[in-house]
Amino acid sequence: MMENVHLAPETDEDDLYSGYNDYNPTYDTEELENDTAFQQAVKTSHGRRPPSKTSLASSMGRPMTGAIQDGVTRPMTAVRAAGFTKAALRGSAFDPLGQSRGPAPPLEARNEDSPEEKIRQLEKKVNELVEESCIANSCGDLKLALEKAKDAGRKERVLVRQREQVASPENINLDLTYSVLFNLASQYSANEMYPEALNTYQVIVKNKMFSNAGRLKVNMGNIYLKQRNYSKAIKFYRMALDQIPSVHKEMRIKIMQNIGVTFIQTGQYSDAINSFEHIMRMAPNLKAGFNLILSYFAVGDREKMKKAFQKLIAVPLETDEDGKYISPNDDPHTNLVIEAIKNDHLRQMERERKAMAEKYIMTAAKLIAPVIETSFAVGYDWCVEVVKASQYVELANDLEINKAIMYLRQKDFNQAVETLKMFEKKDSSVKSAAATNLSFLYYLENEFSQASSYADLAVNSDRYNPSALTNKGNTVFANGDYEKAAEFYKEALRNDSSCTEALYNIGLTYKKLNRLDEALDCFLKLHAILRNSAQVLYQIANIYELMEDPSQAMEWLMQLISVVPTDSRALSKLGGLYDSEGDKSQAFQYYYESYRYFPSNIEVIEWLGAYYIDTQFCEKAIQYFERASLIQPTQVKWQLMVASCFRRSGNYQKALDTYKDIHRKFPENVECLRFLVRLCTDIGLKEVQEYATKLKRLEKMKEIREQRTKSGRDSSGGPRGRRDGSAGSDGGQNCGAGSRGERLSAQLRALPRTEEPYDSSSNKELDASYVDPLGPQIERPRTAARKRVDEDDFADEELGDDLLPE
């Protein structure tokens, strides 16, 4: 083994540092004066002689300039300065750049037909198409954006083929291919073409040449979430989460938030809680905190709801204080800077963030307050205390007002009033809000004096509160002082031009004052703001009707029906206008639609029955008069009309049975007895004498009664004259007992009398404008357009001027 081991000698034969002091005497400048050859070269042309074949080697072995070593000559160095020649001494100008030689030759013309130039132009066109697609998407033209994206995709494929023909595949522009495919997938998704978007994303994700393409699985998860395919959405979110490094913390938090929301959609609240708890530990934010409260609310965990609400309150808002935008001194430069940043984009973003935070906190408080304690009042008190101890202390008053609203929803008006009265000693803005709500409540209870006093309090607390001024105008309107009410509404509009309640109410006021042009102007302005408001559309149509412009009234009623197609009152109103214009077929269409949606409107029922009688279809009229008799069973005229329809259609036996049934229910009805006598006589029944005796007795009693009551009727408008017949009765006869005072409409009085043939051949014109003086009609449900039918009525929207945060 030791044979291969060589030990180092104790002393080296060669000195490692030898030769460092050796130098070539040629470079010894100190001895140049004593160098004979150098001095001779300076004085004579000795230095310009050609170099000798043998050169002196340096002590370091470096060949001298021009020396030949191993058959290779060492290059000569420059011996002349750049730009200097002896010609300058002979009078030539100094021209180091060679400008005297004239302009440079023109550049070689670019060959437009070369493959490289074609590829360059095609690549530029693809980039332009992608940019145009993005711009179209931002402008809302999704269809154009998709077309541009498809065109870019087609041209990019042509570009790839040309590159493969000219150059190697390694020269393909992968960034351009990625941007084209990504934009195409985004446009497919924006146009809700989800299968195509998923296929395009799959092409990008499966291509290993694209770096960081895995994070696009987040977009694929979003598409599956829109398709309600929650299991695949969670799968792709988790795949994307695995491919995103931990250094991208914000991106991972957003994906975790998407996973939590998807778990809520599937009802897996425990998994959602885990996701949101992780987010609130790592990077707390408002959305995650609110979703965490929702998850705990879904599982009913009271204590966890409280803790989650405290976490939500503790989320930093990361906005500047409002005091930053108040000038501390009178420095003009500082004032200009503050004025410039007071409403810039950053300040607007801060306001939006603060408004969003307040919305989340208020919604969460209203959600958990009724369930975290034994009663909602105790729950609201707990939420108020937590909010007061946080940075959102101003929200405590809003929560108190919400507490009053909750009392209202539970019909506990006294507690609501007591809660609102607590704000009378608070600062002016809160006092004004509470007083506005109190005025609203008392107005709804028709306590106009209390409503007026609280409206005054609200106005005095905040003169620029449009809701308070509107409520004050409402109380004055209720007292009939329309001019003064209009002044309050105008002041509310001066303070807030977007106060639609004040604009609506001032239109009603002008309508009451018969200033129809000004009222129409108000409602047209309101229509420009509230395009699909049924109340506004009805008011415009009604004003045109009052202005005797039925064509415009019908046009606006048609717009109203397009907004509320099931509003029976609007349909019947439109039918009435067509009837007044003489268009019976259109009138029948709208009356029939009104009857279909609300088959209890007596006016509509009577018009339809009269229409069928007028068109000689008495059998179809029977069902409408039978329904009217069900709605108003104490009104004998509907049952008489049913019997009359049977009689006119030739079904005398059914008519006789109906008259007998009417006589049993109304034994003192003279008209019924008269028809019984007539029918029994024509048919030849024995009961004719019995009915004739009853008829004579009733007529005699009625005559005596009228004589006795004649003097008493003078004070109430004179004696009631003998009424014309109705429903086939003889002319000049009364329509039943005089004490009831029934009166049939014009179209029913126009029916043929008893001396005419039973098959009604009368062509008399029907007047469908029926007005029933016989007591109250059936109450109608208040639909969107019905709310504003009665002009003396204020709809809820007119008075909804409360400053509630809802």
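Reader: Which residues of α10 meet Y269, A272, I273, F276, E277, I279 and M280 in α9?

Author: This is a predicted model, in which local features need pLDDT of at least 70, side-chain atom pairs count only at pLDDT 80 or more, and totals for chains, interfaces and linings use all residues. Residues are numbered from 1 along each chain as its sequence is written, and side-chain values use heavy atoms, with hydrogens and water left out. Contact means heavy atoms within 4.5 Å, and helices are DSSP runs (H or I, at least four residues) numbered from the N terminus. The residues of α9 named in the question meet, in α10, A288, G289, N291, L292, S295, Y296, A298 and V299.

Reader: How do the residues of the contact of α9 with α10 divide by class?

Author: Ala, Val, Leu, Ile, Met, Phe, Trp, Tyr, Cys and Pro count as nonpolar, Asp, Glu, Lys and Arg as charged, and the others, Gly among them, as polar. On that basis, the contact of α9 with α10 divides into eleven nonpolar, three polar and one charged.

Reader: What is the orientation of α9 relative to α10?

Author: Axes are lines fitted to C-alpha atoms over the stretch in contact, and angles run from 0 to 180 degrees between N-to-C directions. Helix α9, residues 269-282, packs with α10 at an angle of about 150 degrees, their axes being 9 Å apart. Angles under 35 degrees count as roughly parallel, over 145 as roughly antiparallel, 65 to 115 as roughly perpendicular and the rest as oblique. The angle therefore makes α9, relative to α10, roughly antiparallel.

Reader: How far apart are the axes of α29 and α30?

Author: Helix α29 comprises residues 636-648 and helix α30 residues 652-665. They pack at an angle of about 165 degrees, so α29 and α30 are roughly antiparallel to each other. The distance between their axes is 7 Å.

Reader: How many charged residues does the contact of α29 with α30 have?

Author: From α29, the contact takes V636, Q639, L640, V642, A643, S644, F646 and R647. From α30, it takes Y652, K654, A655, T658, Y659, D661, I662 and K665. By class, this contact of α29 with α30 has nine nonpolar and three polar residues, and the number of charged residues is four.

Reader: At roughly what angle do the axes of α5 and α6 cross?

Author: Helix α5 spans residues 194-206 and helix α6 residues 217-226. Their axes come within 10 Å, and they cross at roughly 160 degrees.

Reader: How many nonpolar residues are in the contact of α5 with α6?

Author: The two helices, α5 and α6, are roughly antiparallel to each other. Y194, A197, L198, Y201, Q202 and V205 in α5 meet K217, N219, M220, I223, Y224 and K226 in α6. Two residues of this contact are polar and two charged, while the nonpolar ones number eight.
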